[in-house]
Each structure stands twice: as structure tokens, then as C-alpha cells.
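Hi,

Here is the structure I promised to hand over. My notes on what I found in it follow below.

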Amino acid sequence: MEYHNPVLLKETVDGLNIKEGGVYVDVTFGGGGHSREILKRLGDKGKLFAFDQDADALENTLEDDRFVLIHENFRFIKRFLRFYGVKKVDGILADFGVSSHQFDVAERGFSTRFEADLDMRMNQQNKLSAFHVVNEYTEEQIKDVLLQYGELRSAPAMASVIVASRVVEPIKTSEQLKGVLKKFLPPKHENKVLAQIYQAIRIEVNQEIEALKEFLLQTPDLLKKGGRLSVISYHSLEDRLVKRFIRNGMFEGEPEKDVFGNFEVPLKKVGGLIVPTKEEVKINNRSRSAKLRIAGKL
Ligand SMILES: C[S@@+](CC[C@H](N)C(=O)[O-])C[C@H]1O[C@@H](n2cnc3c(N)ncnc32)[C@H](O)[C@@H]1O
């Protein structure tokens, strides 16, 4: 089975405005689709650094002298690039979320389609797993996760049912979790609600919002003047943060104004929001929620 079919491939790499001898970073290597396209457009003197925290992605590494794959979380992007002597780059690409491979391997626990142990860790070495969230978080914490990251109105009642059930027996598998939450899964919308529950737990397990914010905050400093940031997100929580960061250089509130009354921001958006065409969605259904935003360093 194919590891991952890259989404908005041309548009995202076009957004980087690749210079032949430039230095680029793909912070979500996965199956390497975007990385391969970047390498195609780079000359002999160009360089590409890629990150992925999933050990499975390392198997897709590319045999190319211009390429380095770093098995780390992109929230530490600056630190690891510095390790390779890189302080400034010409472009950074991020394609957030889960790869098809992670969804398709039942034991990883990401998919609502399979019976599996509660896991959902992108980095298999992390301690925090879906089991911990479901069985060890307080009722209040579970409610917050389901409410914030799943936007589930029944979050308080769901949290209460989970806590009452795990006292009797730990909730170890996806089937058990589904059973415990059965009354919240209307037959017509079972998959949709289940997907929201899974999304919420997955975001918490992988600390996705914290990682995304820490990553974005480092990008203005890393990019050379005129350098590009090309970011694909897959749900509104992520996209809202990306959009606000590009516009304001921060996630909440408004930035300072200069003497002319203009906002002092490090990035400027390039073009508008880009989403996949109907044709792309037909070929690759997983692209349907993708939103691409591009920014340039001022
Ligand atoms: C949607 S896939 C990327 C697919 C890739 N663009 C391709 O063309 O194959 C996202 C990848 O990013 C990785 N990832 C997600 N969050 C990460 C993080 N905080 N640090 C490092 N890698 C991360 C996941 O393990 C996954 O392999």
C-alpha cells in the first residue's frame, strides 16, 4: 500500500518559490512526496532538511547528497537545524496531521475503522498515548480535550461516562471506547462523531497545538528576507492559528503598530487561501479538508 499520497503537491512547492541553490526544510516528511518535489527543483548546491517524529517515516528516506532526514519533533526545528550549522533558510514547508500510513496501520490506533489498542502516538517513543488520556486524565481534563479539540457539545457527559466506566475496567481498545460512548453515537452520524472523538484524543496525545505554535513562532527568525512559508492544515483549529500567525505574527490579540499606524509583523501573506480542486479530492479523498496558506518573510 502507498505510504502517503501528497496533497496540493504542486501548489505547496510552488509556494516556496524554490531557488536552485537554496536551503529548504520539509518539517513533515512522511512518505517524502513534497520532499521529492523540492529536490527535483533544487540544483546541485541546494540543500533540503526534513523532519518526522515517526520512526516508520525513516524507511522512506531519500538517497541524495543534498538531503538530510532528522528524526525529531518539528517543535525543535531551530535547535536541530543549528546542530547542522544552519541558521537561516529560504523556505519551510509543513503538511500537518497524520499520514495515510499512520491511518492505515491498524495497530497505530489512529483509525476508527479498526479494532486496536488505544495508542495514536506519532512518535512511538512518547509516554503519552490514547490509553493514558482515556484512563488517567481527570474527568475535567477529558472534557476539555473533547470540547476544545473535537468541538463536541456532549463533551461533559462523555467525560463523565468514560470516568464511570474505567473504574469498573480499564478502557484498553477502540472497540471498548466505542462501546462506552455508544449512546453518543447516533447511527446516522456514528462515523462523524467518532472521527471528532478520535481527532480530539489524537491532538492531545501528540500535543499538536503546542507543537504547531512553537514551530510557527520560530519560522520568522529562521527565514531569510523574502524566504517562504508554505503550510497545509487539515482542521479549523490549526488553520485558524496559521491564518492569525501569518496576519498578526501572534495567535491572540493584535500586534503593535509602527509610527505610520501599520502593524509590525514579520510575515506577509502571499496570495489567498488554496484548497484542492474537485479533481484532486476525487483522486485523493484525504485531501478534502486541506487548506494551504503561503507567507513571505518581510
Ligand atoms: C500529512 S503527513 C506528511 C506527508 C508528506 N508531506 C508526504 O508527501 O508524504 C504528516 C507527517 O508529519 C509527521 N508529523 C506530524 N507532527 C509532527 C511533529 N510535531 N514533528 C515531526 N513530525 C511530525 C507525521 O508523523 C507524518 O508522517
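The ligand is surrounded by 24 residues, and the closest are Gly31, His34, Asp52, Asp95 and Gln102.

Before the details, a word on where the values come from. This is a predicted model, in which local features need pLDDT of at least 70 and side-chain atom pairs count only at pLDDT 80 or more, while totals for chains, interfaces and linings use all residues. Residues are numbered from 1 along each chain as its sequence is written, and side-chain values use heavy atoms, with hydrogens and water left out.

An N or O atom in the side chain of Asp52 sits 2.6 Å from a ligand oxygen. A polar side-chain atom of Asn73 is 2.9 Å from a ligand nitrogen, and a polar backbone atom of Gly33 is 3.1 Å from an oxygen of the ligand. On its own the ligand has 610 Å² of accessible area, and the protein covers 98% of it. Accessible areas come from the Shrake-Rupley method with a 1.4 Å probe, and for residues only the protein chains shown count as cover.

Within the protein, the side chains of His101 and Asp56 are joined by a polar contact of 2.8 Å. His101 belongs to helix H4; helices (H or I, at least four residues) and strands (E, at least two) are DSSP runs, numbered from the N terminus. With a relative accessible area of 18%, His101 is buried, where buried means under 20% relative accessible area, exposed over 50%, and partly exposed in between (1.4 Å probe, protein chains only).

Next, the nonpolar core, a set of buried Ala, Val, Leu, Ile, Met, Phe, Trp, Tyr and Cys residues joined through side-chain atoms within 4.5 Å. The largest one has 66 residues, and Ile92, Ile197 and Phe215 have the most contacts inside it. Helix H9 (residues 190-205) gives the most to this core, with eight residues. The core also draws at least three residues from each of domain 1 (9-100 + 208-297) and domain 2 (127-205), with bounds from an automatic or database domain assignment.

Two backbone angles may interest you. Most residues other than glycine have a negative phi. Met120 has a positive phi, near 70 degrees, and lies in the loop between helix H4 (100-104) and helix H5 (130-136). Is Met120 buried or exposed? Met120 counts as buried, at 1% relative accessibility. Glu151 also has a positive phi, near 50 degrees, and is found in the loop between helix H6 (139-150) and helix H7 (155-168). Glu151 is partly exposed, with a relative accessible area of 45%.

Happy to talk any of this over.

Best wishes

Methods
A residue is near a molecule or strand if one of its heavy atoms lies within 4 Å of it. A polar contact is a pair of N or O atoms within 3.5 Å; within protein, one must be able to donate a hydrogen and the other to accept it, and residues adjacent in sequence count only if both atoms are side-chain atoms.
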